[in-house]
Structures are given as structure tokens and as C-alpha cells.
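Have the coordinates open as you read.

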Amino acid sequence: MNSNAHPDLSESDDAAARIRLTVLAEAERLRLAHPWLRHRDVIGTAILLFALSGMLACALLYARGVLPAWLCIPLVAMLASLTHELEHDLIHWMYFRKRPWAHHLMMALVWLARPSTINPWVRRGLHFNHHKVSGSETDIEERAITNGEPWGLARLLMTGDNVMAALIRAVRAHDSSTRRRILRRSALAYFPLGWLNWAAWYSFLAVHLANGMAALAGTAIAWTAPAQSVISGLDFIIVVWVAPNVLRTFCLHFVSSNMHYYGDVEADNVVQQTQVLNPWWLWPLQMFCCNFGSTHAIHHFVVGEPFWMRQLTASAAHEVMRANGVRFNDFGTFVRANRWRTAGTA
């Protein structure tokens with residue numbers, strides 16, 4: 001690259017290199033001090049088993065009346081957030097690279113834990129594209145979770161509801177062929193688990209909306225015994241499987257879409273792609289996305305480290321990132337629709 005032609009980008013490359021070297025050195029220091037950290041496949045498997053067993057235990061306790069719904073939903077959401085981070089690691093082939101059967105089994109299980117998401121094998125291509133063109137209009141993965149959207153009712157609805165996000169993007173399409181392409185790709189990407197998840201979610205909302213309206217009218221819907229049985233089963237599925245992922249999705253998408261920049265990011269300028277978003281008041285959301293706002297920016301500089309290692313290297317990473325131009329808690333992104341440029345900058 002001609003540094004005279006692109007002085008700013010050359011400086012950002014140097015900054016990114018310093019960040020990368022520091023984070024890699026800290027990770028290696030930790031592995032030397034704690035050799036068990038080298039057993040990546042074992043750690044990933046243990047986290048997956050912990051998350052899945054915890055989710056199943058919550059479902060069992062809820063079914064037995066021990067765990068109330070208001071506690072079951074957030075507990076399952078926190079456990080499911082671990083499987084989301086595992087999926088992200090798997091997309092980058094961080095577990096069982098030499099054992100494809102185990103790798104793909106893990107991919108299937110983390111998808112099963114989070115039925116609200118797209119097929120992880122489909123997401124792999126979108127995510128690799130995200131790293132290539134982060135912050136641009138062709139960054140489909142981030143655009144799909146509202147990065148670059150001005151804040152308003154539409155973005156609020158799109159943040160937690162993937163079906164609503166696809167429908168709104170389709171309605172906004174400039175021509176019918178683009179509209180059909182958005183709907184077709186979304187339908188294929190969410191088949192089959194997403195279809196089941198969102199069908200259950202909307203059925204649940206419709207049933208309870210109907211019951212609520214009937215109650216306001218001073219009456220009640222006379223559901224048949226088979227219908228009541230179906231509704232009871234639906235309520236159970238919502239509490240232990242669907243609602244936790246709606247909660248987790250909203251928290252993750254809110255944090256992720258606002259810690260990534262969009263629209264005026266220089267191509268290949270990693271420093272401009274993300275910020276560290278970790279104010280105290282975001283902790284209620286960070287709990288349901290594995291501290292994503294604080295640690296995900298590290299991944300853009302060091303792609304090959306798993307999410308649990310980023311938690312351990314975060315302190316050293318934040319220090320060098322701050323010293324090399326990465327922004328911290330740039331709340332102006334909420335009113336700039338995630339643009340990098342601030343008022344008064346060129």
C-alpha cells in the first residue's frame with residue numbers, strides 16, 4: 001500500500017498492528033501461566049455442556065413449578081448467550097477443526113439452543129463478509145440487525161424481532177425484485193428452526209392478545225379442552241425456549257449494532273469499525289450477550305481467539321486500544337445512526 005496516498009489508513013494499520021501484537025502477547029502470557037487454556041476443544045465442549053444442561057435444568061424446574069417464569073426466562077437467556085458466542089467461535093473454525101463431525105454437531109446444538117437465529121452454516125458466509133466489508137452497505141450481517149438505521153419505532157421493533165426486521169427491510173426495498181430477494185433469502189436462512197420459533201412467538205402473542213381483549217370486554221374466550229392443552233404447551237415452550245431468545249436477541253442486537261460503525265468507515269480501517277461500549281448502565285443488556293459490548297471489538301483485531309479468551313485479555317486489550325485510537329463509549333453513535341464521523345469532523 002502506498003502510505004503517501006493513504007496516510008490515515010497507514011496510521012490505522014500501524015495502530016491495528018500494535019493492538020494485535022499486544023493482545024496476542026497477553027493471550028500467550030496467560031496460556032503459559034495457565035496451560036489448561038490451550039485445550040480449546042475441551043473448554044468449548046465444557047461451556048456447551050454447561051449451557052445446555054443449565055437450560056434443560058431450568059426447563060425442568062419450571063415444569064415442576066419450582067422456578068417461576070420471570071426467573072426462568074432471564075436464566076435461560078444468559079445460558080443461551082454462551083451458545084451464541086460458541087457459534088461465533090465455530091464460524092471461525094475455533095473448535096474441532098480436525099474433527100468435522102464434532103464441529104458440525106456443535107454447530108447444530110448451538111443452533112438448537114437459539115432457534116430465533118439463522119442457520120449457522122449460512123451465517124458463516126455472512127460473517128466472513130462482515131469482516132471484509134465491516135461498516136459498509138454490503139455488510140449484510142450488521143445491516144440485518146439494524147446497524148446504520150436511525151433510531152425510532154422501526155429500529156426498536158427490528159432490534160428484537162428478526163421477522164419484523166426482514167419485513168421492514170422488504171417494505172423499504174426500492175423494487176419488487178429486491179423485495180422478493182430479501183423475503184426469499186430470509187425464509188431460507190431461518191428454515192426450519194426459525195420458522196418454528198417465530199411461529200410459536202406470534203401464536204403466543206395472538207392468543208394472549210385475544211384473551212386480553214376479551215377480558216377488557218368483560219368476557220372470556222371459551223377455548224375447547226384440546227385448544228387449552230395446545231395453549232398450555234405453547235406457553236411452556238415460550239418460557240423455556242422462545243422468550244429467552246427474544247430477550248437475548250434484543251440485548252445482543254442493541255449492543256452489537258451500536259458498537260459497530262456504519263456508512264463512513266474507511267475500507268480496511270479496523271480502528272474505525274468498532275468501539276468499546278461498556279458503560280455501567282448497559283450491564284443489564286451485557287448480561288444477556290456475554291459482555292459483548294466490552295469485548296467484541298477485540299475480535300476485529302485478533303480474529304482467532306475464542307470469546308472466553310477475550311474476557312481474560314480485555315484489560316490489556318482496552319489499554320492498548322484506547323492508546324491507539326479505538327473509541328470508548330461514544331454515545332453519539334445513537335443519534336448519528338452509527339456513523340463514525342462526529343460533528344465538526346471532515
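## An aromatic cluster

Ring pairs join W151, F250, F254 and F334 into a cluster; rings of Phe, Tyr and Trp (its six-membered ring) pair if their centres lie within 6.5 Å, with planes under 30 degrees apart counted as stacked, over 60 as edge-to-face and the rest as tilted. This is a predicted model, in which local features need pLDDT of at least 70 and side-chain atom pairs count only at pLDDT 80 or more, while totals for chains, interfaces and linings use all residues. Residues are numbered from 1 along each chain as its sequence is written, and side-chain values use heavy atoms, leaving out hydrogens and water.

Across the whole structure, a search finds 9 aromatic pairs. One of them is W151 with F254, a tilted pair at 5.5 Å centre to centre and 50 degrees between the planes. This pair links distant parts of the chain, 103 residues apart: W151 sits in the loop between α6 (140-144) and α7 (153-160), and F254 in helix α11. F254 is buried because its relative accessible area is 15%, whereas W151, at 29%, counts as partly exposed (buried means under 20% relative accessible area, exposed over 50%, partly exposed in between, with a 1.4 Å probe and protein chains only).

Helix α11 covers residues 225-259; helices here are DSSP runs (H or I, at least four residues), numbered from the N terminus. At 1.5 Å a residue, its 35 residues should span 51 Å, and the end C-alpha atoms are 49 Å apart, which agrees. That expected span is 1.5 Å times one less than the number of residues. α11 also bends by about 55 degrees at I238, the bend being the angle between axes fitted to the seven residues ending there and the seven starting there.

## Salt bridges

How many salt bridges does a search of the whole structure find? There are 13, each a side-chain nitrogen of Lys or Arg within 4 Å of a carboxyl oxygen of Asp or Glu.

E28 and R31 form one of these, at 3.5 Å from N to O. They are about one helical turn apart because 3 residues separate them in helix α1 (residues 7-33). R31 also bridges to E305, with the closest N and O atoms 2.9 Å apart.

Methods:
Helices (H or I, at least four residues) and strands (E, at least two) are DSSP runs, numbered from the N terminus.
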